[in-house]
Amino acid sequence: MLAYVIQRVAQSALVLLVVGLVAFSMFRFVGDPIDNMLGQERTQADIDRLRVVLGLDQPFVVQYYKFLESAVQGNFGVSYRQGRPVSEILMERAPATLELAAVSGFLAISLGIALGVFTAIRRNGFAANAIMSVSLIGVSLPTFLIGILLIYLFSVELGWLPSFGRGETVKIGGWSTGFLTESGLKALILPSITLGLYQMTLIMRLVRSEMLEVLRQDYIRFARARGLKERAVNFHHALKNTLVPVITVTGLQLGSIIAFAIITETVFQWPGVGLLFINAIQFVDIPVMAAYLMLISVMFVGINLIVDLLYFAIDPRLRADRTGGH
Amino acid sequence: MTKPILSIRDLTVEIPTRHGILRPVDGVSYDITAGEILGVVGESGAGKSMAGNAVIGLLSPPAHISKGEIHVNGRRVDQLQGDAMRKLRGKEIGMVFQDPLTSLNPLLRIGDQLTETMLAHLDISRAEADKRAVAALEEVGIPGAAERVGSYPHEFSGGMRQRVVIALALCAEPSLIIADEPTTALDVSVQAQIIALLKRLCRDRGTAVMLITHDMGVIAEAADRVAVMYAGKLAELGPVRDVLTAPLHPYTDGLMGSTPLASRGKARLHQIPGAMPRLDALPPGCAFSPRCPKVQAVCRQDPGPHIEDGAGRAACFFPLSREEVA
Amino acid sequence: MADTSLPEVPVKDPSRLQLALQSDFFYQFKRSPVAVVSFVVVSILILSAIFAPLIAPHDPFDPSSLNLMNGFSAPMTPNAFTGETFWLGTDDQGRDVFSTILYGMRISLFVGAAAVAFAMVLGITLGLLAGYVGGWTETIIMRVADVQLTFPAILVAMLIFGIAKGVTPVEYRDQMAIWVLIIAIGLSDWVQFARVVRGATLVEKNKEYVQAARLIGRTSPAIMLRHILPNVLSPVLVIATISLALAIIAEATLSFLGVGAPPTQPSLGTLIRIGQGFLFSGEWWILLFPAVTLLTLALGVNLLGDWLRDALNPRLR
């Protein structure tokens with residue numbers, strides 16, 4: 001198992017290096033950093049001085065190394081647009097996105113698994129068929145339309161919930177949370193449904209098809225033949241086996257929640273890192289784009305790693321392989 | 001005569017399809033008494049497994065029992081639904097499936113699978129169940145049972161797994177065991193051990209056994225009586241010695257002729273021409289008539305009478321006489 | 001000598017159309033109402049997008065035909081100032097919503113189709129190379145694919161769009177936006193094609209007929225194109241259809257976020273972005289009709305793809 005973990009960690013590090021290279025290349029080659037930092041009135045002496053300060057006169061590899069070095073320390077330079085350190089802006093924005101992602105991730109996983117199991121067990125029932133049909137529409141419905149639809153219904157027509165922003169937040173240390181105020185919680189409802197719905201649909205459809213596959217297996221028939229209660233067969237025997245493949249996809253889904261947050265945050269003007277990223281693209285604010293890319297890569301790679309390790313917790317066959325079995 | 005544990009009368013299973021109704025089991029009747037092993041033989045598709053599934057109430061829809069009765073321990077069970085049928089499975093009827101590699105849930109320890117089955121049927125404490133689980137594994141000949149209860153299925157070899165499956169089928173002390181091709185998926189060297197084990201356990205406990213197989217060697221080794229099935233119908237039923245050495249039905253004769261048996265000496269093996277008809281293309285009259293060496297015009301119109309000869313019976317107009325075969 | 005030859009029976013080869021109509025494929029198509037309905041709906045949408053200049057009652061991009069007085073006309077109601085009636089109403093600048101939708105769909109479909117075509121060519125080429133050549137080529141291609149798959153396609157597309165925007169001079173940005181979109185979405189979507197093609201190539205290249213082709217001296221490109229490629233066309237077609245739906249949604253999403261088609265060349269996504277601004281002031285039609293069109297288009301293509309997958313290859317799940 002240790003060898004496996006080391007291999008996976010090495011792979012993750014390699015991915016991060018590649019992503020870092022992309023981010024660095026953006027810095028270095030997309031637009032001229034000197035152009036971006038110096039105004040119209042500049043002298044050749046200014047340019048040369050800045051080249052040395054930024055290290056642009058050094059070889060590519062040295063520059064890349066320095067970029068990585070400062071990136072690891074959380075230093076991504078200064079935003080072209082806001083003129084403040086990128087890390088500072090990111091820290092300010094991160095809580096909003098993380099809280100949103102956590103709530104929608106929870107919604108997507110819990111409802112997705114529950115509905116998936118339900119539709120698999122009641123395969124031919126009316127409710128299950130209805131849920132499946134609706135979910136097909138859900139897959140075709142772009143996230144931003146779901147958001148607009150919810151805003152129209154609950155903000156414009158009914159006026160129950162706010163259509164934008166986080167509501168009031170409370171600062172705890174460096175973390176501003178919306179969980180502790182009524183308006184903060186209310187503001188969370190629509191965005192988290194918007195963000196979680198698509199992922200929920202995917203998880204539900206996956207759980208259903210895996211569960212149906214498992215229910216056809218011999219060991220399920222054998223469990224039935226031993227007279228176990230239907231509940232034990234479905235939830236103890238079948239669900240556990242279903243979860244093994246579901247975990248991978250769900251892990252990846254959690255990653256894409258962070259990415260899809262960009263869309264939701266734009267629809268709801270949610271002040272998170274996604275909205276920051278979109279604005280950075282619009283204004284070609286390269287340092288912010290590069291930092292966001294690095295940040296999200298670390299998250300994705302981390303989630304993938306955790307998913308791989310989770311396998312060991314669930315599937316004893318893998319645990320056995322580490323010691324070669326006995 | 002003792003009262004039979006299992007009594008099947010005129011059992012008919014139907015599967016409605018687009019091309020009409022198929023009858024994989026058609027008017028089959030037989031009994032099994034306590035401690036007796038009834039071998040059910042036939043080619044694949046002859047309906048032997050389907051009959052076993054009908055008894056334990058595990059026919060997969062749309063297959064269903066359309067006619068006839070099944071009695072277990074004197075109680076009619078073919079009309080039991082839901083929980084009533086579930087309580088019967090494992091408790092009164094145990095089942096052993098063909099493939100031990102797929103019959104056990106890979107994610108659950110075998111000890112847990114045993115105790116779970118016992119707790120579902122027997123009024124015993126958790127601790128008592130744990131104790132009995134070890135005893136059950138010892139009984140089926142698993143070395144180091146006390147340690148192995150905590151093992152997962154993949155940590156056992158195929159033969160050992162089939163022992164575990166047998167322990168599972170017997171752990172709630174059923175009076176009838178349906179063993180569906182219990183040795184087919186095993187190495188030849190292990191087959192005899194498993195058959196001997198099954199035989200010993202059932203003799204000791206007085207369990208009735210329905211041993212479904214296509215392997216004449218297994219029948220000769222283990223069965224007290226044999227039921228020969230052909231295209232859903234019972235072709236012949238009788239004591240194992242009679243059926244093997246002096247069959248009544250021409251099909252049984254052909255089946256024996258194509259099986260190498262030590263008792264038959266060096267006689268040449270011969271084969272039955274043609275193949276068993278598909279269930280959707282059964283000939284009128286006797287289903288074996290197109291392949292039968294003794295076929296007459298009447299066989300092609302009428303399925304044939306049930307003739308009795310001593311302890312055996314067969315469905316044929318022109319049974320082989322005992323003398324003719326011997 | 002007597003003429004003993006049989007009278008000539010005219011043997012007519014069945015035409016391709018007849019063959020197609022008799023095929024299992026067409027039979028299955030006829031039997032699935034979902035497939036027929038979505039095919040008809042998608043066809044109508046595609047045709048009306050192609051012929052938009054003929055169908056559209058107004059040219060939304062011709063400033064001379066616009067009348068600001070016509071702004072905010074509700075659907076099917078005569079405008080209060082000019083008395084003109086617009087089927088689906090007008091937006092703030094007096095542009096006919098029905099016409100903008102037709103033109104917008106044109107852009108959405110063009111970007112979607114071109115992006116899928118780009119992804120397909122790229123994916124098939126790299127997949128064939130990886131499968132047929134193997135070695136380092138394969139390792140590099142599939143590693144890149146793996147890394148890219150770690151990230152959601154939409155994020156990759158956004159990033160590519162952002163980078164492209166950075167390297168494009170400001171004055172060309174709007175003009176180039178459509179092409180940048182196509183490349184961004186295409187680059188984010190090639191992996192699927194490459195994986196399927198590589199898998200199939202690995203299977204096919206060891207079969208006897210490929211060995212035979214090699215023995216009679218066919219070149220590798222010829223073997224790849226003539227022998228291996230035809231074997232992977234049906235899964236590729238399925239992926240292409242589903243990718244089209246995804247590409248249309250991706251384009252709409254990017255444009256909605258303001259990092260796609262510019263307001264001067266509005267796609268359905270851009271129209272929805274514009275319409276969202278009028279959600280609170282009550283002009284619902286500016287948002288609703290483009291949204292419904294987009295949904296219908298995406299759902300139709302999705303259903304068609306779903307059906308194709310089942311019809312062409314029951315093993316593909």
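## Strands and pairing

Two strands pair if DSSP finds at least two bridges between them. Strands themselves are DSSP runs of E with at least two residues, while helices are runs of H or I with at least four residues, and both are numbered from the N terminus. With those terms in hand, look at D309(B), which stands opposite G312(B) in β12(B). The two strands here, β11(B) and β12 (residues 312-315) of chain B, are antiparallel partners joined over 4 bridges.

A word on the source: this is a predicted model, in which local features need pLDDT of at least 70 and side-chain atom pairs count only at pLDDT 80 or more, while totals for chains, interfaces and linings use all residues. Residues are numbered from 1 along each chain as its sequence is written, and chains are lettered from A and ligands numbered from 1 in the order in which they are written.

## The sheet in chain B

Chain B has an open sheet of 8 strands with mixed pairing, in the order β6-β7-β8-β3-β9-β10-β12-β11. At its edges are β6 (93-96) and β11 (306-309) of chain B; each has a single partner strand, so one side of each lacks a neighbour in the sheet. From one strand to the next, the twist averages 20°.

Helix α1 (residues 48-56) of chain B packs on this sheet, touching β3 (37-41), β6, β7 (176-180), β8 (208-212) and β9 (225-230) of chain B. The direction of α1(B) makes about 145° with that of β7(B). Such angles run from 0 to 180 degrees between N-to-C directions, with axes fitted as lines to C-alpha atoms, for helices over the stretch in contact. Two residues are in contact if their C-beta atoms, placed from the backbone, lie within 7 Å.

## Chain C, built from helices

Now for chain C: how many helices and strands does chain C have? There are 14 helices and 0 strands. Of the 317 residues in chain C, 43% are buried (20 or more other C-beta atoms within 10 Å of the residue's own, with C-beta atoms placed from the backbone). Among contacts in chain C between residues at least 6 apart in sequence, 68% link residues at least 24 apart.

Technical notes
A residue is buried if 20 or more other C-beta atoms lie within 10 Å of its own, exposed if 12 or fewer, and partly exposed in between; C-beta atoms are placed from the backbone.
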